[in-house]
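Q: I have a new model open and need a quick tour. Keep it plain, please.

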Amino acid sequence: PEVYRSIDRADARGRCELADETAIVYTGQLYDWKGVDTLVAAAAFLPAPFRIHIIGGMGEDLQRSQRQAEALPQGSAPVVFHGQRPAEEIPTWLRAADLVVIPNSGKHRLSVEDTNPLKAIEAMAAEAVIVASDLPALRDALSGYGAARFFPGDDARALAQEVRHRAHDPDRLTELRGRVSGFALLTAKERAVRIKSFVQGMMRPSV
């Protein structure tokens, strides 16, 4: 977590070349259950200066999302695909973001109940303002984190509305980040212990 918090936010925005835009950031793979199609679809309800940055994805998953973005109506917020990036760049993107979106789909049990909350941990470690699908696994992962808000999974319009509501007041975003300063370190440690215990339990041979 110290790695994330040691990155100056203004410097991170410069390195990511974000300028004056309102940067909505997603990091991770683009599998169906990750719900990235909902985030891309939300661009139709987000005007400039919103810009969606998707870091991750490869092969057919990436191509599918790119085709979806190309089919968005004129006037939609731009969707920028950065593809696979070195792991050391992810903390910079999370610190630079105005909002981090975790849009997991509610159509898949893996996403609803069993998803590994590592992406949520990374976003908390970066003290990001988070907008996430209202699913049990994400509710649990983000429990107690004061800068997380939720939207109904798979609802692009609701996601866009929540993003606009969170991002309309830059001072409010700064206040939310200040509210969770220092929280992420403790949360990340607790979540890491829980994940490790869960994995170890799964690996024990059955009697």
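A: One term to start: contact means heavy atoms within 4.5 Å. This is a predicted model, where local features need pLDDT of at least 70, side-chain atom pairs count only at pLDDT 80 or more, and totals for chains, interfaces and linings use all residues. Residues are numbered from 1 along each chain as its sequence is written, and side-chain values use heavy atoms, with hydrogens and water left out.

Q: Got it. How many helices and strands does the protein have?
A: There are 11 helices and 6 strands. Both are DSSP runs, numbered from the N terminus: helices are H or I with at least four residues, strands are E with at least two.

Q: And what share of the protein is buried?
A: Buried residues account for 50% of the 207 residues. Buried means under 20% relative accessible area, exposed means over 50%, and partly exposed is in between (1.4 Å probe, protein chains only).

Q: What about contacts between residues at least 6 apart in sequence?
A: Of those, 77% join residues at least 24 apart.

Q: Now helix α4. How far does it reach from its first C-alpha to its last?
A: α4 covers residues 59-70, which is 12 residues, and spans 17 Å. That is close to the 16 Å expected at 1.5 Å a residue. The expected span is 1.5 Å times one less than the number of residues.

Q: Which residues of α4 are buried?
A: Leu62, Ser65 and Ala69. Look down the axis of α4: these buried residues fall within an arc of 65°, so they line one face of the helix. The arc is taken from the directions from the helix axis to the C-beta atoms.

Q: What do the buried residues of α4 pack against?
A: They pack against α3 (36-42) and β3.

Q: Switching to the sheet. What order do the strands take?
A: The order is β3-β2-β1-β4-β5-β6. The sheet is open, has 6 strands and pairs in parallel. The edge strands are β3 (79-83) and β6 (148-151), and each pairs on one side only. Two strands pair if DSSP finds at least two bridges between them.

Q: How many bridges join β1 to β2?
A: 6 bridges, with the two strands parallel; β2 covers residues 50-55. At one spot, threonine 22 stands opposite phenylalanine 50 in β2.

Q: And how many bridges between β1 and β4?
A: Those two pair over 2 bridges, again in the parallel sense. Valine 25 sits opposite valine 100 in β4.

Q: Then what about β4 and β5?
A: β4 and β5 (residues 130-133) have 3 bridges, also parallel. In β5, isoleucine 130 is the bridge partner of valine 100.

Q: Valine 100 keeps turning up. Is valine 100 buried or exposed?
A: Buried, because its relative accessibility is 4%. Leave aside neighbours within four places in sequence, and valine 100 contacts Val25, Leu94, Ala123, Ala128, Val129, Ile130 and Val131.

Q: What about the faces of β4?
A: Both are covered. Leu99 and Val101 on one side, and Val100 and Ile102 on the other, are all buried.

Q: Next, helix α7. How many of its residues are buried?
A: In α7 (residues 118-125), 6 of the 8 are buried, so the rest of the structure largely encloses this helix. They are Ala120, Ile121, Glu122, Ala123, Met124 and Ala125.

Q: What happens just after α7?
A: Glutamate 127 takes a positive phi of about 55° there. Its place is the loop between α7 and β5. At 8% relative accessible area, glutamate 127 is buried.

Q: Now alanine 19. What is its phi?
A: Near 55°, a positive value in a residue other than glycine. Alanine 19 lies in the loop between α2 and β1. That residue is exposed, at 65% relative accessibility.

Q: Where is glutamate 17?
A: In the loop between α2 (9-15) and β1 (22-27). Glutamate 17 is exposed too, with a relative accessible area of 68%. Its C-alpha is 9.5 Å from that of alanine 96, which is 79 residues away along the chain.

Q: Last one. Which form does the peptide bond from alanine 48 to proline 49 take, cis or trans?
A: Cis, with omega near 10°. Proline 49 is in the loop between α3 and β2.
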